[in-house]
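Try each task before you read its solution.

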Amino acid sequence: MGKSVIIIGGGIAGMEAAARIAAMGKEVILLEKSDQLGGHLRKWDRLFPTRRKSDEVFEYLSNGLNDKVTIRLNIKINKIKKDDRHFFVILEDGESLKSDALLLTTGYDLFEAGKKEEYGYGIYDNVITSADLEAMFRNSAEIKTSGNQKPRRVGFVHCVGSRDEKAGHLYCSKVCCVTGVKQAIEIKEKQPDTEIFCFYMDLRMFDRYFEDLYYEAQQKWGIQFIRGRLSESCENPDHSILVKVEDTLTGRPLKMTVDLLVLLSGFVPSSDTNKLADMLGLLPGSDGFLTPVDEHFRTNETQVDGLFLAGTVKGPATIENTITDARSAAISIIKYLEK
Amino acid sequence: MISEGKKRIWNEYQKEIADDHYFYVRSCVRQNFFPGSEKTFLKIMQHELGKDVYENPSHTTCTGIGYHSDIVPFETAMTVIARQFALMTEAGYENLVTSCITSFGLYSEVLETWHHFPELLQKIRMHLKNATGREFNIPKNLAHASDLIYKFRNNIAAKSTNRLINKQTGKPLKAVEHIGCHYSKMFPSKGVGGAEYPYVLIGMIEEWGGEVIDYPERRHCCGFGFRQYLVMANRGYSIACSRKKFESMEPYKPDLILTNCPGCPMFFDRWQYAISEMEGKTYGENDHGIPVLTYEELSGLILGYDPWDLGLQVHQVAVEPLLDKIGVQYNPLEKYQGIDHKDLGKPNMPSILKFY
């Protein structure tokens with residue numbers, strides 16, 4: 001009987017790794033907690049920096065899943081055990097699944113924006129998150145306030161829950177800056193009369209074409225970038241949002257009203273990752289994400305023989321990097337199985 | 001405004017408040033600012049609620065005003081506070097309740113510091129022993145007096161003769177609540193409801209029939225800010241802060257401002273007068289100001305106490321419009337009479353702000 005792999009987490013990394021391992025002739029069981037594959041990708045409309053529809057990426061990933069991949073949805077894992085050679089994943093209903101290798105691709109959760117209490121998410125009607133805005137894009141809806149009006153002014157708050165000691169997350173979530181710029185441009189495309197202000201600490205446009213997008217936002221669309229972290233937001237009588245921020249380039253406090261405030265929520269380790277790490281005896285890094293055995297050379301392996309990691313379970317990453325990492329994990333797993 | 005969101009946060013910030021037997025420490029300034037408040041607190045706790053509240057005349061300032069004005073070093077403040085703990089310990093009490101928000105904040109800061117730096121606690125024990133021969137236990141429970149009124153707000157409601165309802169319209173009175181900065185902004189978990197959406201005063205207002213207004217500058221400082229006022233050259237900043245808040249709350253037409261700090265009611269009350277003289281602007285109805293009450297004064301009104309026994313005649317903003325809305329019985333002729341019915345003399349009338 002051929003060797004098999006269980007992959008836990010049916011998002012981008014899980015789907016791509018499953019496709020690559022299956023393409024090399026191994027049986028894969030792909031476990032997903034929700035009722036569909038794709039993870040966060042299914043909630044996004046267009047992707048930075050190319051503005052490709054997320055559905056195209058999902059279609060590509062789905063097409064890779066051949067008949068060697070068994071997809072199991074709505075899965076709850078009760079326990080994971082390992083003997084000398086095999087992993088046993090025990091499901092909530094008692095079913096036991098056996099494999100020769102195990103890959104964790106349980107990804108990330110979005111930081112709960114309500115934890116930044118001073119920004120008023122979940123309290124003020126017109127404070128939303130980047131994910132909420134993306135849902136509006138996905139529904140092809142006009143961008144509107146809670147009062148069903150087109151916003152005249154929209155504010156974006158960068159680094160919500162990232163690079164923030166008070167929130168307990170010192171790390172950068174990497175993709176929020178460019179997501180904010182992309183979303184700001186998309187609002188301008190849909191509703192050109194909207195004024196847009198992005199409040200940032202510094203813009204980390206690290207990857208290819210990100211800087212181009214940032215320039216386009218300023219030069220073509222007149223989106224304004226104000227360097228300063230929000231101290232608080234409050235609700236005006238008309239339900240617009242009063243924001244207070246220090247403009248650190250002019251060294252002056254700034255108070256302005258926006259009709260809609262978008263919080264760019266960062267990444268946090270997913271709650272499932274934490275549970276599974278406990279079951280498997282994996283120690284997270286100081287940021288809470290899981291850590292491979294070597295950060296340079298063995299980037300998908302763990303201290304547990306046969307247990308691998310891929311994607312944002314190891315920390316914030318772009319989709320491109322997640323796909324590449326999933327392929328890398330697939331190669332490492334095949335090499336391990338053929339030992 | 002999504003009230004469920006606020007309730008979620010309030011649930012996350014519930015603190016333990018002891019049920020009885022408190023060692024009470026007064027504020028340095030409140031008996032001058034609003035002289036009936038502390039007396040009313042003791043009356044409510046001891047006589048209405050039957051609680052054991054003890055105060056020792058030997059207790060001193062906590063040094064909070066000096067500490068926050070950078071003239072008292074932290075070790076000195078800690079040693080003075082250790083002495084208050086010694087008085088509490090000697091009197092056989094374990095629960096400490098402060099009248100002053102700044103004291104509450106500083107006591108919390110000291111306890112938190114000792115928790116993280118136990119060697120500093122040992123050092124302060126030694127300082128106190130050397131200076132006074134006293135020893136002390138750390139309080140089991142630290143509360144601000146507004147926490148206790150919050151805790152027993154239902155009992156007060158059960159004994160109430162007045163409600164925060166407009167007698168003429170039958171509608172809830174609209175209240176602005178303002179907690180002092182030192183209540184929970186430094187240690188959100190030490191305050192009922194946390195720092196961003198504090199509940200301690202809201203709980204009282206809602207329980208007693210009123211409606212709370214949230215307004216854009218709710219979190220802003222009252223204007224006291226210690227050095228904003230204590231340094232005379234900065235007082236323009238103090239009044240500008242208060243004015244910013246009045247301008248922000250004005251469109252909601254509040255019937256009263258409720259406070260739990262020694263400084264906040266003082267500045268809300270006095271600066272309304274100053275602004276009326278400087279700019280001819282008043283923030284209440286018909287050239288009145290917005291009445292400003294301490295939580296003890298409001299509790300007293302709810303319980304039907306005579307407003308002049310509560311000390312409401314020393315407010316710069318006339319409270320009569322609020323008393324009339326609630327339906328409080330009062331004799332205007334007794335406003336400026338002392339307890340012995342001697343005439344205390346009337347203040348000069350402001351030029352703009354309506355006063356009686």
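**Exercise 1.** How many residues does the contact take from chain A, and how many from chain B?

*Solution.* Start with the ground rules: this is a predicted model, where local features need pLDDT of at least 70 and side-chain atom pairs count only at pLDDT 80 or more, while totals for chains, interfaces and linings use all residues. Residues are numbered from 1 along each chain, chains are lettered from A in the order written, and side-chain values leave out hydrogens and water.

Now count: chain A gives 20 residues and chain B gives 19 residues, with contact meaning heavy atoms within 4.5 Å. By class (Gly counts as polar), the side of chain A that touches chain B has 6 nonpolar, 6 polar and 8 charged residues.

**Exercise 2.** Find the salt bridges between chain A and chain B.

*Solution.* Look for a side-chain nitrogen of Lys or Arg within 4 Å of a carboxyl oxygen of Asp or Glu. The count is 3 salt bridges. One of them joins B:Arg219 to A:Glu232, with the closest N and O atoms 3.8 Å apart.

**Exercise 3.** Which residues touch the most other members of the largest nonpolar core?

*Solution.* Such a core joins buried (under 20% relative accessible area, 1.4 Å probe) nonpolar residues, Ala and Trp among them, through side-chain atoms within 4.5 Å. Among its 159 residues, the answer is A:Phe156 and B:Trp114. Next, list partners of B:Trp114 beyond four places in sequence: they include B:Met78, B:Phe85 and B:Ile138.

Key. Buried < 20%, exposed > 50% of the residue type's maximum accessible area, 1.4 Å probe, protein only.
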